[in-house]
Amino acid sequence: MKKIISLLCMYLICSVTFLFGNEKNKEEIVAEVLKERTQKIDLLLNLFNENNNKETNFAVFYTLGELRAEKAISLCLAHINYDYTGNLKIYPKYGPAPAATALSKIGLPSVKPLLDTLKNCDDEAKLPYIYMAIIGIGGTELAEYFLVKEIKITPDKKQVERLNKALEAVALQKHRDSEDKNIP
């Protein structure tokens, strides 16, 4: 946990240096910040692979999501149902599904890998997390758009069935969201 906090501090220091100037030109500073970011992402990926501490792994997913680390997409997909079922008050930033949340924060680069995973997923336990990540990227409207578009170009009937099931889950979430807006 201390490593992650120090990583974030270094990232912030680099950002502040960029904002307030330095003797170096701005292009050099941007290159340094991007290099530091890449190193931090690699360090986080290695940290996840080297330990079994759930709290640390939650922090790794959270930080990778905050960094919008495209390199982490495959790791997040592999552990999409990495979950915490205990007291969520301990981990308020991560929520119950930190890998799915990270994929949502990574955003648009996650869409195609999520859809491909969904189309080929035989593990029913992973499906709600995939739906959560797709919806988290841009809400139910955008999730619906991505799914409908993917259905149109997918020839395999079993894959289309999985996509339609996801579309139903998105519609259900959309309905829940509209009900929540109507509660005084």
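This report describes the fold, helix packing and salt bridges of a predicted model.

## Basis of the model

Because the model is predicted, local features are reported only at pLDDT of at least 70 and side-chain atom pairs only at pLDDT 80 or more, whereas totals for chains, interfaces and linings use all residues. Residues are numbered from 1 along each chain as its sequence is written, and side-chain values rest on heavy atoms, with hydrogens and water left out.

## Overall architecture

The chain has 8 helices and 0 strands, where helices (H or I, at least four residues) and strands (E, at least two) are DSSP runs numbered from the N terminus. Read from the N terminus, the order of elements is α-α-α-α-α-α-α-α. Of the 184 residues in the chain, 40% are buried; buried here means under 20% relative accessible area, exposed means over 50%, and partly exposed lies in between (1.4 Å probe, protein chains only).

The accessible surface of the chain is about 10,900 Å², and carbon and sulfur atoms account for 57% of that area; such areas come from the Shrake-Rupley method with a 1.4 Å probe, and for residues only the protein chains shown count as cover. Among contacts between residues at least 6 apart in sequence, 66% join residues at least 24 apart, a contact being heavy atoms within 4.5 Å.

## Packing of α3 and α5

Helix α3 (residues 54-66) packs on helix α5 (residues 98-106) at an angle of about 10 degrees, and their axes lie 7 Å apart. Axes are lines fitted to C-alpha atoms, for helices over the stretch in contact, and angles run from 0 to 180 degrees between N-to-C directions. The two helices α3 and α5 are therefore roughly parallel to each other; angles under 35 degrees count as roughly parallel, over 145 as roughly antiparallel, 65 to 115 as roughly perpendicular and the rest as oblique.

On the α3 side, the contact is formed by Phe 58, Phe 61, Tyr 62, Leu 64, Gly 65 and Glu 66, which meet Pro 98, Ala 99, Ala 102, Lys 105 and Ile 106 in α5. By class, this contact of α3 with α5 has 8 nonpolar, 1 polar and 2 charged residues, with Ala, Val, Leu, Ile, Met, Phe, Trp, Tyr, Cys and Pro counted as nonpolar, Asp, Glu, Lys and Arg as charged, and the others, Gly among them, as polar.

## Burial in α5 and α3

Helix α5 is largely enclosed by the rest of the structure, because 7 of its 9 residues are buried. These buried residues are Pro 98, Ala 99, Ala 100, Ala 102, Leu 103, Ser 104 and Ile 106, and the buried residues of α5 pack against α3, α4, α6 and α7. After α5 comes Gly 107, whose phi is positive, near 85 degrees.

Within α3, Asn 57 counts as buried at 4% relative accessibility. Apart from neighbours within four places in sequence, Asn 57 is in contact with Phe 48, Asn 51, Asn 52 and Tyr 82. Thr 56, also found in helix α3, counts as buried at 12% relative accessibility, and its C-alpha atom is separated by 9.9 Å from that of Leu 44, 12 residues away along the chain.

## Salt bridges

The structure holds 11 salt bridges, each defined as a side-chain nitrogen of Lys or Arg within 4 Å of a carboxyl oxygen of Asp or Glu. One of them joins the side chains of Asp 42 and Lys 71 (2.3 Å, N to O); this pair links distant parts of the chain, with Asp 42 in helix α2 (residues 26-50) and Lys 71 in the loop between α3 and α4 (73-78), 29 residues apart. Asp 42 is partly exposed at a relative accessible area of 29%, and Lys 71 is partly exposed at 46%. Glu 141 forms a salt bridge with Lys 174, the closest N and O atoms being 3.0 Å apart; Glu 141 lies in helix α7 and Lys 174 in helix α8 (residues 157-182), 33 residues apart. Lys 174 is partly exposed, with a relative accessible area of 28%.

The side chains of Glu 150 and Lys 119 also meet in a salt bridge (2.7 Å, N to O), which connects helix α7 (residues 127-153) to helix α6 (residues 111-119) across 31 residues. Both Glu 150 and Lys 119 are buried, Lys 119 having a relative accessible area of 10%. Lys 112, Asp 116, Lys 119 and Glu 150 are linked in a network of salt bridges. Leaving aside neighbours within four places in sequence, Lys 119 is in contact with Lys 112, Glu 150, Thr 154, Gln 159, Arg 162 and Leu 163.
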